[in-house]
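This report goes through one protein chain, from single residues to the chain as a whole. Please keep the sequence and the structure in view while reading.

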Amino acid sequence: MGLDAFVYCRCWQDGRTTPCPVEPVGLDEDGCLALLRQWEGNEAAHHTFDAWLAEACPHEAMEQASEHVSNWAGVRLFQQALRAAGEHRFPTLAAALPDANGGSLPADRAAVVLAELDAIAGTDRITDEVELIDEATGAVVMQYVEAYRGLFMFGPDFQAGVDPDGFFVLDRADPPATLFRAVRFGQRPLPGDRVELTAGGTRTVLAMRPVGTHGEPPPERLAVRSRSRSGDDFAYIVEPLRRLCAASVATGNPVMWF
């Protein structure tokens, strides 16, 4: 799951599509090109419209641009970075990114966003980011996502995550109690889906899988660090946004989030 977006081409607006075999065609309440008939009782007509839309012009699905922007964690990290940098520096971009699927960005605002994206790409330091890393390899295991309160592991009796104060494990009580917290720690898998966590001479055994189990074997030593992030670090989301906004400016059509 994540954020995707597209920009319509101008072929339908400019009368350069093949004739649609069903009518009426227009923009629905969400701004999407659609057959303006209710679905019930018109299913065959809607299927005909969908087939026409896919091949009505040289652009697939009549889209000038179509992009997977990012998964939601990536969107939240980017929003977090914009807040840390100061939203006054990139105000239109900060307001343009949606918090959920749906909605649109008008072409006039896309032009401003495009300039702000160019400014981000050339910035040496956007923010500092908190990360949990494998000390042996330097590989990032998890990043602190403020919107998720740093949480990234969940079990029936625990929840675990990373924040500026370190890695933590909480129980699921209300309010939760801290079972373990450390900036640097070791871990050792134990039989029965348990793990031993050690830090500062303390040893805690918990019924949870080791941290970073996507690696084989999981990391033995982990640490929380803060690392400066530049504009280049956000190319994963800046570049698709740039392509979408450029298409919006070129066509005069909005960026459609979905």
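Met62 is a buried residue, since its relative accessible area is 2% and buried means under 20%. The model in which this value was computed is a predicted one. Met62 sits in the loop that runs between helix H1 (43-55) and strand S4 (63-71). The backbone at Met62 has a positive phi of about 60°, although Met62 is not a glycine.

Arg149 also has a positive phi without being glycine, with a value near 55°. The loop that holds Arg149 lies between strand S7 (140-143) and strand S8 (151-154). Is Arg149 buried or exposed? Arg149 counts as exposed because its relative accessibility is 58%, and the cut-off for exposed is over 50%.

| Peptide bond | Form | Omega | Loop holding the proline |
|---|---|---|---|
| Glu23 to Pro24 | cis | near -5° | between strand S1 (2-8) and strand S2 (25-27) |
| Asp174 to Pro175 | cis | about 5° | between strand S10 (166-171) and strand S11 (178-182) |

**Residues in helices and a strand**

Helix H1 contains His46. His46 is buried because its relative accessible area is 11%, which falls under 20%. Which residues does His46 touch, if those up to four places away in sequence are not counted? They are Leu35, Arg37, Gln38 and Trp39. Asp118 is 72 residues away from His46 along the chain, and the C-alpha atoms of the two are separated by 41 Å.

Helix H4 covers residues 107-121, and Leu117 is part of it. With a relative accessible area of 0%, Leu117 is buried. Leaving out residues up to four places away in sequence, Leu117 touches Leu93, Val238, Leu241, Arg242 and Cys245. Gly15 is 102 residues from Leu117 along the chain, and 33 Å separates their C-alpha atoms.

Thr202 belongs to strand S14, which is made up of residues 202-206. Is Thr202 buried, partly exposed or exposed? Thr202 is partly exposed because its relative accessible area is 43%, a value that lies between the limits of 20% and 50%. The C-alpha atom of Thr202 is 9.8 Å from that of Phe185, and the two residues are 17 apart along the chain.

**The cavity**

How many cavities of 30 Å³ or more are counted? The count is one. The largest cavity holds about 40 Å³ of space. Helix H3 (91-96) and helix H5 (235-251) are the elements that give two or more residues to its lining.

The lining of the largest cavity consists of Leu93, Ala96, Leu97, Leu105, Val113, Leu241, Cys245 and Trp257. Among these lining residues, Leu93, Leu241 and Cys245 are also residues that Leu117 touches. What kinds of residue form the lining of the largest cavity, nonpolar, polar or charged? Eight are nonpolar, while no polar and no charged residues take part.

**The chain as a whole**

The chain is built with five helices and 16 strands. Its C-alpha trace spans about 75 × 45 × 35 Å along the principal axes. The radius of gyration of the chain is 24 Å, whereas a compact globule of 258 residues would have one near 18 Å.

How much of the chain counts as buried? Of the 258 residues, 47% do. Met62, His46 and Leu117 are buried residues already described. The chain exposes about 13100 Å², and carbon and sulfur atoms supply 51% of this area.

Contacts can also be sorted by how far apart the two residues stand in sequence. Of the contacts between residues at least 6 apart in sequence, 59% join residues at least 24 apart.

Notes
Residues are numbered from 1 along each chain as its sequence is written. This is a predicted model: local features need pLDDT of at least 70, side-chain atom pairs count only at pLDDT 80 or more; totals for chains, interfaces and linings use all residues. Side-chain values use heavy atoms; hydrogens and water are left out. On a 1 Å grid over the protein atoms alone, a cavity is a set of points where a 1.4 Å probe fits but cannot get out, and a pocket is an open set with protein on both sides within 12 Å along at least five of seven lines; lining residues have an atom within 4 Å of a point. Grid points are joined across faces, edges and corners, and a volume is the space filled by probe spheres set on the points. Helices (H or I, at least four residues) and strands (E, at least two) are DSSP runs, numbered from the N terminus. Ala, Val, Leu, Ile, Met, Phe, Trp, Tyr, Cys and Pro count as nonpolar, Asp, Glu, Lys and Arg as charged, and the others, Gly among them, as polar. The radius of gyration is taken over C-alpha atoms; the globule rule is 2.2 Å times the number of residues to the power 0.38. Buried means under 20% relative accessible area, exposed over 50%, partly exposed in between (1.4 Å probe, protein chains only). Contact means heavy atoms within 4.5 Å. Accessible areas come from the Shrake-Rupley method with a 1.4 Å probe; for residues, only the protein chains shown count as cover.
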